[in-house]
Amino acid sequence: MSMSMATSNHTIFLHNATNLTNTTNHFPITTTRTATTTFKPISIKCTATTRTQAPPQASTQSQDRVFNFAAGPATLPENVLLKAQSELYNWRGSGMSVMEMSHRGKEFLSIIQKAESDLRTLLNIPSEYSVLFLQGGATTQFAAIPLNLCTPQDTVDYIVTGSWSDKAFKEAQKYCKPKVIWSGKSEKYTKIPSFSGLNQSTEARYLHICGNETIHGVEFKDYPTPQNGVLVADMSSNFCSKPVDVSRFGLIYAGAQKNVGPSGVTIVIIRKDLIGNAQGLTPVMLDYKIHDENNSLYNTPPCYGIYMCGLVFEDLVEQGGLKEVEKKNKKKAEILYNAIDDSKGFFRCPVDKSVRSLMNVPFTLEKAELEVEFIKEAAKEKMVQLKGHRSVGGMRASIYNAMPLAGVEKLVAFMKDFQARHA
Ligand code: PMP
């Protein structure tokens, strides 16, 4: 990607531009004006006062990098990393990095607004939903959700399809009366229930699911309709991996560090009428109303992480949106699952075929004693982080949006070779 392609339109407004000189233009700043601002838009050209970094070429960069199959923090798109690198020292002629900017300055406001706008485009988020950029990880949302959506006496329903929905359920026990209406534990979390047989509570304020269980590799392919209340989904590990009809949900939340950015940013998409009813003891940082009223700027937000998410969103839009992204993800997952299923039992994936995750592929070796060797040899071939979660063992290949097809093809070729040598 050329660097001219790497810059995108951002508008910066300056109070007083009289001291600026028009010289070399490294990072053009456009002159678009918004109706609400009182600042005078001007066209400026900036020269960095210190040396700017020459961005490395993508081709040389990829030779240095590994294929990282980690579950999160996880691999990020290479072009996004290179763009961030090129902008690190001096963001678009502002004379500072994003890390050094005031979160209330015009520059950062343009960053967070563009991130939100691109996310709205990607997921086609209706206007009656708010988008919040928060901190504390998805784990904090396990508490924030019951605190904001119900009273201590309220019943809520949880479908437990793996470790993450189990953790969400357990945290909710402190703030309301959650009920597990289905659990896949006895089948080692390899299934998603049929929706027709669900015994939902008539009074439930919400029905909580984990859209994709990162550890167990089970993914909802469709969504249940709550009998009462709203549907709430933890989409941490399949966020922006495919189109989602947001209007079916009251709330969607996701830690960014799998598909859309670095750790430190948690995204909440919430229907506006659900905001404003937090329990009295809710800490200010967990109250959606506070964050909504302040456009995620009540306190200092994770600015750099939001900037990185914005670059990822922009990249996903440029790829053609989530339909295109899903096509790529399906292809990668198909290649990997086929390799496992065609191995005559040498590799196994325990998950029910109809609900296998497109993002996290857990698998074991028939000869379990070879697993250490498998992981070691793969690492030598620059394929890392293939060890399964400590709670389940085996292997796990996380193949998020940013994992290139070449990474999956290389892994599959390695698996075949390993089998030929060890079968
Ligand atoms: N939910 C899911 C599905 C996850 O995969 C994770 C993290 N791996 C979490 C919740 C917890 O996220 P965090 O570490 O951001 O709190």
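**Note on helix packing and salt bridges**

1. Helices here are DSSP runs (H or I, at least four residues), numbered from the N terminus. The axes of helix 5 (residues 137–149) and helix 6 (residues 163–172) cross at roughly 45 degrees and come within 8 Å; they are lines fitted to C-alpha atoms over the stretch in contact, with angles from 0 to 180 degrees between N-to-C directions.

2. Before going on: this is a predicted model, with local features needing pLDDT of at least 70, side-chain atom pairs counted only at pLDDT 80 or more, and totals for chains, interfaces and linings using all residues. Residues are numbered from 1 along each chain as its sequence is written, and side-chain values use heavy atoms, leaving out hydrogens and water.

3. I get 22 salt bridges (a Lys or Arg side-chain nitrogen within 4 Å of an Asp or Glu carboxyl oxygen). Lys83, Lys114, Asp118 and Glu314 are joined in a network of them.

4. Have a look at arginine 92 and glutamate 87, a salt bridge with its closest N and O atoms 2.6 Å apart. Arginine 92 is buried at 4% relative accessible area, and glutamate 87 is buried at 2% (buried is under 20%, exposed over 50%, partly exposed in between; 1.4 Å probe, protein chains only).

5. Within helix 6, aspartate 166 and lysine 170 sit 4 residues apart, about one turn. Their salt bridge has closest N and O atoms 2.7 Å apart, and lysine 170 is partly exposed at 46%.

6. In helix 9 (residues 322–341), glutamate 326 and lysine 330 are also separated by about one helical turn. Their salt bridge comes in at 3.8 Å between the closest N and O atoms; glutamate 326 is buried at 19%, while lysine 330 is partly exposed at 46%.

7. Lysine 416, in helix 11 (residues 405–422), is exposed at 53%. The C-alpha atom of lysine 416 lies 8.0 Å from that of serine 343, though these residues are 73 apart along the chain.

Note on methods: Helices (H or I, at least four residues) and strands (E, at least two) are DSSP runs, numbered from the N terminus.
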